[in-house]
Amino acid sequence: MFTGIVQGTAQIQSIVSKKDFRTQTIKMPQELLDGLEIGASVANNGVCLTVTSIEDDLVSFDLMMETLNITNLGQLKAGDFVNIERAMKMGTEIGGHILSGHVYCMAEVVEKVSSENNLRLWFKLLNTEAMKYILTKGFIAIDGISLTVVEVEQNTFCVNLIPETIQRTLIGERIVGSKVNIEVNSQTQAIVDTVERYLAVRI
């Protein structure tokens, strides 16, 4: 489980393609290495991955074809960076919202609106069926970042980014056309799906 409070960024050092999956190795920031073990969960751009190898500060993960197909990790190459979050620990403060690291789909940046102390990004979902889970003032995770939805219009939505989020994560570097990972709020999804099933039975 994760909180959506990104702890840093890491550069991809190498990518080795294999049959139906590939191994991605990142250079983990020193402050995030403490206690890290093989088998631990680490979110890369919001995708929960399992540590398969640790050599000094080089940490490797295996990515299955499904992960490569539905997330932006499949589009990355050596030299690119990813947002990093270690799995949450019981008893620690939760500053964002509870995330599973299971990305639902991707979205595309369709507009960037900058002001002096704020950046507003508009996104269009690549899987429009997920729009029913995105509500104004609701939680959403974008590339593993816990954010609040500001506005929803048809199949697009926007979020506001404060300077701290822009500085700590990669989201400020996204340009129009960039693909980002989306994890919808699990509680919202459960409520919407339950209501839909109930109405289907009633009809």
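Before going on, I noted the ground rules. This is a predicted model, where local features need pLDDT of at least 70, side-chain atom pairs count only at pLDDT 80 or more, and totals for chains, interfaces and linings use all residues. Residues are numbered from 1 along each chain as its sequence is written, and side-chain values use heavy atoms, with hydrogens and water left out.

**Overall build.** I counted three helices and twelve strands in the protein chain; these are DSSP runs numbered from the N terminus, helices being H or I of at least four residues and strands E of at least two. The radius of gyration is 17 Å, close to the 17 Å of the globule rule for 203 residues, so the chain is as compact as a globular protein of that length. That radius is taken over C-alpha atoms, and the rule is 2.2 Å times the number of residues to the power 0.38. Of the 203 residues, 44% count as buried (under 20% relative accessible area; exposed is over 50%, partly exposed in between, with a 1.4 Å probe and protein chains only).

**Aromatic pairs.** I looked for rings of Phe, Tyr and Trp (its six-membered ring) with centres within 6.5 Å; planes under 30 degrees apart count as stacked, over 60 as edge-to-face and the rest as tilted. The count is two. Tyr 104 and Tyr 133 pair edge-to-face, at 5.7 Å centre to centre and 75° between the planes. They sit 29 residues apart, Tyr 104 in the loop between strands 6 and 7, Tyr 133 in the loop between strands 8 and 9. Tyr 104 is partly exposed at 29% relative accessibility, whereas Tyr 133 is buried at 5%. Phe 123 and Phe 157 are stacked, at 5.5 Å and 25°.

**Thr 67.** Is Thr 67 buried or exposed? I have Thr 67 as buried, because its relative accessible area is 18%. It lies in helix 1, residues 65-70. Leaving aside neighbours within four places in sequence, Thr 67 is in contact (heavy atoms within 4.5 Å) with Val 47 and Leu 73.
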